[in-house]
Structure formats: structure tokens, C-alpha cells
Amino acid sequence: MSRLNEATLAALPPAIVRPAYDRTKTRIGIVHIGAGAFHRAHQAVHIDDLLADDPDWAICGVSLRSADVRDALGPQDGLYTLALLGGNLSLRVIGAIRELLCAREEPQAVLARLADPAVRLVTLTITEKGYCLSGDALDLAHPDIAHDVASPQAPASAIGYVVAGLALRRAADIAPYTVLSCDNLADNGGRLRRAALQYAQAFDPDLARWIETEVAFPRSMVDSITPATDDALRERVAAQLGCADAWPVQREPYTQWVIEDHFCNARPAFERAGATISDDIAGYDHAKLRLLNAPHSALAYLGSLMGIETVADAMRQPALAGFVERLMRADIAPTLDAPRGFDPDAYTDAILARFRNPDIRHLLSQIAWDGSQKLPVRILGTIADALVAGRPIDRLCLPVAAWMRFVRRQARNGVALVDPLADTLSALDRTTAGDASAAVAAFLALDAMFAPMSGDERFVAALRDAYMALGDATPGAVSRALAAA
Ligand code: CS2
């Protein structure tokens, strides 16, 4: 079978939507770090929508370590297929990515692209762990950060590359690019800015001062459920395209991108590409991270303990579906500092319907990754707010306790845990086997996650009760705990 590329593009079936612009006339104006499935299904599609009118915003996609995306899409001239999962499978070929680089193999090419004056925006989807934070601050002891502080011109981390590119531009008197985080972090732009300043300050205070005054780090909220690509998708896409796409991406029809209008260089006309420009990012952040990502994580850990595979499967379990709905409406929605005119009930209804989408095979095991990074942003912040407000936290503690049970089960079963703290977490099972109070205390000693709440006896007691309520974490025990919550 032939391969999707510039040569086969014209021969695709008429029903396949394809770039509505001449790709050869586009120029790279964006470097995206973390060119994984979510970037290609979300931001790159919004950018593809505006290249016909504004061709100077094509994307150079950078993967820090893996060459897989470059090697898969390089022979396809950067073209790939977006599959929208809703009823019929509707396909669209995306042409916004014009270059793909692997930083580990071609660091100088990445730095040269970052220093290119035509590049005026750097965007990132590096997941929560990619920021190398410990609490709200940069972890200077993180191996990649320590490496980069010692050799800032040859970085390994995303922040290292962002700052190295800015340093090259400052030295060459080239205007800086804006740095736009597109990750699931509250105040993502603010956290990234503080981390970049802390990093630069560690080896070049003058550069740190220049970044502080000259570079914009706007915040954004991103939303679209994007299950990992699987062979079933590749087969469905090939059957409809009539040619092979090595790495198509799939997502739900729903997408949202809310961006703070704070740029130090030019910017794409995002509002003409389906994005929302707003100065109230915090409200959108709060609502999405707490009302979508928190129940996602709750389903991931509680559902995994029950032996359930996907989000849609979990939502077909009344005990689970009922629990997350109570969690959303009674425990999370009242803590929101939501955008003006926001209707939490309607937003909750829409999210529950999205979770129930039978066309989406969203694996709980994928959502369960990196719990030590996700839970503080998604659930622990809500618990902290509830404690301050004197609101109940019992239901909010159950997903956290389920995560603890999940971590211990993975360790006991010898299943690798996908988490930056995997070694530390897996060791907890060996030191506290059987003793629930000791187990909870061992987890609470993880200050990067639980300080300072671990000093609040109300939280400790509620978490211990939730952990005990899950009993031996069998499906029956979890169902009983859900019914009682
Ligand atoms: C999910 C998110 O994998 C996860 O942790 O909760 O990727 C979620 O699908 C997106 O944030 C939805 O916008």
C-alpha cells in the first residue's frame, strides 16, 4: 500500500478533508515541543485552520528524546490524519507540521530553529512531569535540570531548550518568541515563567532579568479527549484513505482552546481558528482541571481496581457513574472560581456525556499515568479549598486513596508504574505491607504531593478512612465503598 505524503495527497478520495492551502508557501513560525498525539490532534489542527489566511505559522514539531514521530511522519512530509470519533469516522489530513526534529539526535537543528527570527512562538505539550517541578518551584535537583544548569548550551529539558533559544536570540539581538504552555496545569504559563526564570538565574542572572522583562508566557486551557493511536485506527484510516498513515491521531469532536492575550512578538489569529482569547484563564482552568480531569483520574484509579478498561465502560457501571457525578456536582462545582456566565451544571452534563461517548476507547491505564503529578493539580487543590471552606472532603479523598491502592497493587503485581516517582512509590509497598495506617502515612510523607495538607488531621483522618473503606481493593470492595460515598 502506498504511503500518505505530498505525492498521494491529491489522489485521496474526495470525501477526505485536506489542507486548504499551498503547503509550499507556508513558513515555520512556531516551534512546538512535545509533538505527541495531543498536540497533533488539538493545537496543530487549530493552526491548520488558519494557514490559508496566515501562512507564516507552520509548525516545527520537536520531540525531546524519541525519534518515533519524526521517523513516522518524515516520510509523509509531515502529513497525518486526524480522525474525529463521533458516529461516523470523519477524517481530515493535517498539513500544519512542516518539520520534525528529535532534540536528542539533532540538538543543533533544534537550537537553530529556535533562533530563527521567523519563529515567533514556542508552544509546549510536555505533560505535567515535563516541567520538572517540585510543588510550585523548579526542581533544580532534577537530573535534566542539573545537567542543563551545568551546560545550558546543550540542554536536555524542555525548559533548557526554551531558555537556550532565548539566550541565542538575545545574543544576536533578535526579538524573543512568546512561550505558550498547552498542558494541564493550573496557571501553566505562570508556572513555566517562574521555572524558566529560576533556571536562568542559576547560571546567568542577566539572562534571567532579560527574560523577566522581555518574554511573554501566556496561560492557556486546552481540552479535547484524545485516546492513544492504536492499530485499529491505522487500519480504519488506511481503508478510507486508500494509503497508509504510520501515525494518525484520534479525538472526540469537542475541542476547546482558551488563550491569554499576552504575547511579546506577533501571534496567530487564534480567534479565527476556533480558539478563544480571554483574560480569565484561571476560571477556565479551574473548571476544566477540576470538573473534567479530576473525575477522569477518579475513574482511572477506581475503575482500574475494578478491572474496567475504558472510560466509557466505567460510565456504564452505575456505582462509578453515580459516584463521579456526585463528586462533580456536590464536591467540586462549589469550589470553582469559574468564568463569568459559567453554568457548572451544564458543563458537568456535557462532560459526563463526553465520558459516555461509545466511539471513544479511552484507556483508564493511559489516564492513570503520572498520578503523582496529576493529583495535586486535579484533586488535592480542591481538597485544600474544601478544608479552608469547612466543606466535606470524604468523597474527594476516595480517588486519592484509590490511587494509593492502585500504586501498591501495581508494585505487588510487578507491573511497571508510569510515574516520575515510580521507584519511590513502588518501594512504599515493601515498607508498609498490610498496615493501612502506615501505608497512608508513607504516602503522606511525599511532601512534593501532600505538603502542607499532610499536617491537617482532618485530611489525614479522611484519607485513612477512604483507604480503609476500599478494603482489599477488589471490585466488590470498591463497589461497596462507592455506594457508601
Ligand atoms: C486525561 C487528559 O490522560 C489524562 O490524564 O485526563 O488527557 C484528558 O483526556 C484531557 O485533559 C481532556 O482535555
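**Questions on a predicted model**

Student: Leaving aside neighbours within four places in sequence, which residues is His 362 in contact with?
Tutor: Contact means heavy atoms within 4.5 Å. On that basis, and skipping neighbours within four places in sequence, the list for His 362 runs Ile 225, Pro 227, His 296, Glu 309, Thr 310, Val 311 and Ile 367.

Student: What sort of model is this?
Tutor: Residues are numbered from 1 along each chain as its sequence is written, and side-chain values use heavy atoms, with hydrogens and water left out. Local features need pLDDT of at least 70, side-chain atom pairs count only at pLDDT 80 or more, and totals for chains, interfaces and linings use all residues, since the model is predicted.

Student: Is His 362 buried or exposed?
Tutor: His 362 sits in the loop between helix H14 (344–355) and helix H15 (364–367); helices (H or I, at least four residues) and strands (E, at least two) are DSSP runs, numbered from the N terminus. Buried means under 20% relative accessible area, exposed over 50%, and partly exposed is in between (1.4 Å probe, protein chains only). His 362 has 7%, so it counts as buried.

Student: Which residues does Phe 450 touch, not counting those up to four places away in sequence?
Tutor: Phe 450 is in helix H20 (residues 447–450). At 1% relative accessibility, Phe 450 is buried. Not counting residues up to four places away in sequence, it touches Leu 380, Val 400, Trp 403, Met 404, Phe 443, Leu 444 and Phe 459.

Student: And how many Å apart in space are Phe 450 and Ile 281, C-alpha to C-alpha?
Tutor: In sequence, the two are 169 residues apart. In space, C-alpha to C-alpha, the separation of Phe 450 and Ile 281 is 25 Å.

Student: Which residue of S6 is the bridge partner of Ile 33?
Tutor: Start with strand S1 (residues 28–33), where six of its six residues are buried. Two strands pair if DSSP finds at least two bridges between them, and S1 joins strand S6 (residues 121–124) in parallel through four bridges. In S6, the partner of Ile 33 is Leu 124.

Student: S1 also pairs with S2, so which residue there is the bridge partner of His 32?
Tutor: S1 and strand S2 (residues 58–63) run parallel, with five bridges between them. The S2 partner of His 32 is Gly 61.

Student: Which residue of S12 is the bridge partner of Ser 220?
Tutor: S10 and strand S12 (residues 256–259) are antiparallel, over four bridges. The S12 partner of Ser 220 is Ile 259.

Student: Which residues of H3 are buried?
Tutor: Helix H3 (residues 43–50) is largely enclosed by the rest of the structure, because seven of its eight residues are buried. They are Gln 43, Ala 44, Val 45, His 46, Ile 47, Asp 48 and Leu 50.

Student: What radius of gyration does the protein chain have?
Tutor: The radius is taken over C-alpha atoms, and the globule rule is 2.2 Å times the number of residues to the power 0.38. For 485 residues, a compact globule would come out near 23 Å, and the protein chain agrees, at 23 Å.
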